[in-house]
Amino acid sequence: MKRKKKTKKEISRELGLEVGSICGRYFLKLKHLHYGYWTNGLEVDVSNLHLAQDEYVKFIVSHIPDGVKTILDVGCGTGEIAETLLNMGYEVDCVSPCPFLKKQAGQLLGDRTHIFECFYEDMATSNRYDMALFCESFQYIDLEQALSKTDEFLKNGGYLFICDVFGRDIKGKGMMGGGHKLGKFYEHISRFPFRLIENVDITEKTAPSMDLFEDALENVVHPVADLAVRFFKSRYPIATKILKWKYRKKIEKAHKKYLEGGRGGEDFKKYKSYQLFVYKKDAQEQVQPAK
Ligand SMILES: C[S@@+](CC[C@H](N)C(=O)[O-])C[C@H]1O[C@@H](n2cnc3c(N)ncnc32)[C@H](O)[C@@H]1O
């Protein structure tokens, strides 16, 4: 079944990732679209974000189970993780629903990979992989579909590898969106033939990026937005007044969401949980999951 139209939410997420990719690459030399992994000793500074991202890739690679040869990189972003994996000798296919990112990944990876340009929920293939990799992409995919498609595309004995943000099962949700609730995830996955073989909580290692993000909102986005409003007000006073009135609810909402704080590392640690989960399809051993 082919999805015909992207929803408004999917379009804005896609635009957000594209803007992130363009600005990150231009201003900070970032190659990836994930938060990064702040190892001990790495100073939390925006100029080190690219190093934290490299550390994240090292962390991912070091947890790939032995025996894996073929990998499906779901939500491959710019294709940089796939590139690392290909250089290490893995066979990698990718999934990318975003034409802009697919083009970037395609330019980087050339004919060393096949990129399925579709939502994972819509993907169809007779290929069967040793591992399905979700690096900060699991949160965007319908939970039930993500698991049933992975069950379909994995060989028996293959691995479901997720490294992503989840929502903690506590009251309130703070200002940050994103991430399936952990309880819901455990409930869904219990209905599939996946057995947990590894679980590492890396919330502490990813949270510092939230402080950098909040800092950028406060010190760059907020003042630039104010300047833009001042500029339009001086040039087009009446039009600015009308637009501000017409879109007052949306402006209020965006202001509350992005410019009133509540998105830093401490909030992240309170409401979110960044987990590495490795599940084996039909495996016997199991470890206890994070609460
Ligand atoms: C935050 S980026 C992470 C990219 C890359 N894995 C990385 O670690 O840099 C999220 C990725 O998920 C992809 N994505 C979003 N919704 C998706 C879906 N329904 N199916 C497959 N990929 C999706 C986006 O296009 C993007 O490539």
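View 1. A backbone N or O atom of glycine 77 lies 3.0 Å from an oxygen atom of the ligand. Polar contacts here are pairs of N or O atoms within 3.5 Å. A polar side-chain atom of histidine 34 is likewise placed 3.0 Å from a ligand oxygen atom, and a polar backbone atom of tyrosine 120 is 3.0 Å from a nitrogen atom of the ligand. The protein buries 95% of the 600 Å² that the ligand exposes when taken alone (Shrake-Rupley method, 1.4 Å probe). This is a predicted model, in which local features need pLDDT of at least 70 and side-chain atom pairs count only at pLDDT 80 or more, while totals for chains, interfaces and linings use all residues. Residues are numbered from 1 along each chain as its sequence is written, and side-chain values use heavy atoms, without hydrogens and water.

**View 2. The shell around the ligand.** The ligand is surrounded by 19 residues (a heavy atom within 4 Å). Leu33, His34, Gly75, Glu121 and Cys135 are the closest. The shell divides into 12 nonpolar, 5 polar and 2 charged residues, with Ala, Val, Leu, Ile, Met, Phe, Trp, Tyr, Cys and Pro counted as nonpolar, Asp, Glu, Lys and Arg as charged, and the others, Gly among them, as polar.

**View 3. Surroundings of isoleucine 71.** Leaving aside neighbours within four places in sequence, isoleucine 71 is in contact with Ile64, Leu85, Tyr90, Glu91, Val92, Asp93, Tyr129, Met131 and Leu133 (heavy atoms within 4.5 Å).

Notes:
Polar contact = N/O pair within 3.5 Å; in protein donor to acceptor, adjacent residues only side chain to side chain.
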